[in-house]
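Hi,

Here is the structure I promised to pass on to you. Have a look at it first, and then read my notes below.

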Amino acid sequence: MLDQVIGLDGYTCLPGFEGATPDVIDAVLEEGGRFVAEVLFPINLSGDKQGCTRHEDGSVTTPDGFKAAYRQFVEGGWGTLSAPAEYGGQAMPHVVSTAFQEYMISANMAFAMYPGLAHGAIAALIAKGSPEQQAKYLPKMVSGEWGGTMNLTEPQCGTDLGLIRTRAEPQADGSYRITGTKIFISAGEHDLTDNIIHLVLAKTPGAPDSSKGISLFVVPKVMVGDDGALGARNAVTCGSIEHKMGIHGNATCVLNYDGATGWLVGEEMKGLAAMFVMMNAARLGVGLQGLGVGEVAYQNAVQYAKDRRQGRALTGPAEPGEKADTLFVHPDVRRMLMEAKAQLEGLRALCLWGGLQVDLEHRAADEVDRQSAADLIGLLTPVIKGLGTDWGYSIATNAQQVYGGHGYIAEWGMEQYVRDARIAQIYEGTNGVQAMDLVGRKLAQNGGRAVQSFFKLVASECAAAKGDDRTAEFASRLEKALGEMQAATMWFMSNGMQNPNALGAGAYSYMTLTGLVAVGLMWLRMAKAASRMLAAGEGEVPFLEAKLVTARFYAERILPDVGALRRKIEGGADAVMGLDESMFAAA
Ligand SMILES: Cc1cc2nc3c(=O)[nH]c(=O)nc-3n(C[C@H](O)[C@H](O)[C@H](O)COP(=O)(O)OP(=O)(O)OC[C@H]3O[C@@H](n4cnc5c(N)ncnc54)[C@H](O)[C@@H]3O)c2cc1C
């Protein structure tokens with residue numbers, strides 16, 4: 001994927017990429033795979049069963065084994081892979097840490113969230129923090145010695161951040177007193193690190209009571225002296241932890257700020273911009289959660305389908321010597337496994353390619369290249385989050401389905417994957433809100449520059465693939481799907497302005513449609529790479545042929561949905577919005 005599809009070796013001139021040769025990356029990922037399999041995976045099921053515990057004094061302990069595993073995570077430098085060298089990071093391409101994060105999530109999603117949340121906070125401080133804040137907090141956050149959180153949500157305020165009530169009163173010494181209640185704060189309190197650096201949205205006195213009045217503050221759990229030494233506890237405490245459907249190993253906290261000391265990050269009332277830095281990093285991370293959990297659920301289902309014997313192949317016994325054939329002979333079981341395989345491999349390519357765009361956005365030498373990468377990743381971030389987590393959940397339930405009744409029984413572990421995968425569709429902005437971000441903001445930005453360049457990219461790669469017999473059929477199907485996307489986009493342009501509900505009613509379908517085309521582009525690239533390697537006699541033939549068959553499955557069984565999605569969009573809002581609220585009393 002990294003060498004042949006993403007083509008990392010084409011970017012060796014970018015800073016940080018020189019040392020990232022294929023053998024170095026192989027060694028890092030090989031070792032990373034071993035670490036997650038040996039250290040994180042064994043505490044996944046037990047962590048889910050035990051969950052986190054809040055004590056009388058407000059402290060929280062993570063499940064048995066998490067603390068020791070986290071120490072190994074820090075000692076191994078696993079959190080530092082792509083962080084900037086000036087804060088102690090290894091400055092490797094983002095794309096490498098993206099690959100490693102998928103491994104971590106597959107092994108133990110609840111654990112992976114502790115460093116995952118810190119990454120969002122690190123991204124915000126790198127982008128918007130003052131040099132003093134960066135020097136004070138970043139090295140220890142990057143190393144993993146300190147944790148980090150993102151504090152947006154309050155009881156009355158979820159999607160609509162304008163409703164935030166947390167207050168920040170300026171003090172004579174330049175600090176602020178932060179007062180308010182935040183809820184649902186992931187990794188808000190725990191025993192893995194000596195300190196937790198909270199990034200908190202709040203309003204200053206006189207600020208507009210809307211999203212325009214929001215500022216971002218850094219509030220350490222334990223005060224940090226100018227020499228970096230830890231001092232007194234700050235006035236932020238964990239009031240309770242939530243009992244929830246999944247990710248039991250991750251503490252979801254109510255955090256009470258009772259005049260806690262904090263400092264402004266970036267400019268006053270520009271908190272929303274700072275928050276988006278944090279959210280964009282986190283959205284890609286949440287998209288990866290869909291991939292990671294989907295992958296591990298799929299791997300289990302494949303093994304189960306090989307072992308379990310029920311019924312006979314429709315074409316006659318596949319193994320007459322046995323009393324029954326394996327589940328693998330049944331087309332309906334194959335349907336579920338093939339769907340998962342095609343979605344996961346496509347999504348992985350999209351996440352890695354997305355990681356490369358993040359690298360290019362920051363590291364490309366040429367402004368045009370930086371701009372183009374920023375446009376593409378800006379457009380596709382809500383899609384990676386939305387489609388990635390929808391697929392993660394549906395793959396997990398299909399994998400559970402492959403187990404039949406055993407999938408519903410806790411000891412097999414499949415129901416945990418379903419429960420864990422579910423949250424990714426909800427937090428970091430629900431998927432419906434991702435869809436609105438795509439159609440309401442991203443499509444029209446800069447006169448539609450991003451979506452136009454996406455169209456151009458897909459069209460040119462389809463045209464280039466038509467000369468090869470192995471990829472021509474796929475390319476023409478993808479071209480057709482692109483035509484459906486262009487038509488749906490035009491429909492929005494002609495109808496969305498007069499009737500915003502038409503945008504809202506079609507947004508989700510459009511997000512899915514865009515994702516199908518984007519993953520289609522990734523499958524085209526995978527098919528091209530497989531074809532090129534087969535022609536050159538490189539690589540393993542069965543592996544490459546499997547890529548071509550899976551690409552075909554994607555084209556025949558998944559991509560055609562774009563036509564139905566377009567038609568749903570063109571149905572507009574009339575039927576969606578037509579009923580009076582009173583008509584909803586009972587279905
Ligand atoms: C386990 C867990 C961990 C979390 N971790 C964190 C964290 O670390 N930090 C943090 O700040 N928050 C966190 N959250 C909060 C999470 O991000 C919010 O729950 C989520 O963004 C939705 O907000 P809400 O729950 O208030 O739902 P609401 O905003 O009330 O939404 C309810 C429904 O209405 C829809 N809706 C609302 N507004 C619109 C709109 N304008 N257009 C279309 N549809 C709309 C939503 O899609 C949803 O279906 C976490 C939540 C959970 C459950």
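Helix α1 covers residues 22-40 and helix α4 residues 94-107; their axes come within 9 Å and cross at roughly 15 degrees. Axes here are lines fitted to C-alpha atoms, for helices over the stretch in contact, and angles run from 0 to 180 degrees between N-to-C directions. Helices (H or I, at least four residues) and strands (E, at least two) are DSSP runs, numbered from the N terminus.

Before going on, please note that this is a predicted model: local features need pLDDT of at least 70, side-chain atom pairs count only at pLDDT 80 or more, and totals for chains, interfaces and linings use all residues. Residues are numbered from 1 along each chain as its sequence is written, and side-chain values use heavy atoms, with hydrogens and water left out.

A second pair is helix α9 (residues 367-402) and helix α10 (residues 414-423), which pack at about 165 degrees with axes 9 Å apart. That makes α9 roughly antiparallel to α10.

Now for the ligand. Of the 19 residues around the ligand, M150, T153, T159, F184 and T430 come nearest (a residue is near if one of its heavy atoms lies within 4 Å). Strands β3 (146-151) and β5 (176-186) each supply at least two residues of this shell, and β5 gives the largest share, 3 residues.

Which atoms does the ligand meet? An oxygen atom of the ligand is 2.6 Å from an N or O atom in the side chain of T430. Polar backbone atoms also take part: an oxygen atom of the ligand is 2.8 Å from one in L152, and an oxygen atom of the ligand is 3.4 Å from one in E428.

Enjoy exploring!

Definitions and conventions. A polar contact is a pair of N or O atoms within 3.5 Å; within protein, one must be able to donate a hydrogen and the other to accept it, and residues adjacent in sequence count only if both atoms are side-chain atoms. Angles under 35 degrees count as roughly parallel, over 145 as roughly antiparallel, 65 to 115 as roughly perpendicular and the rest as oblique.
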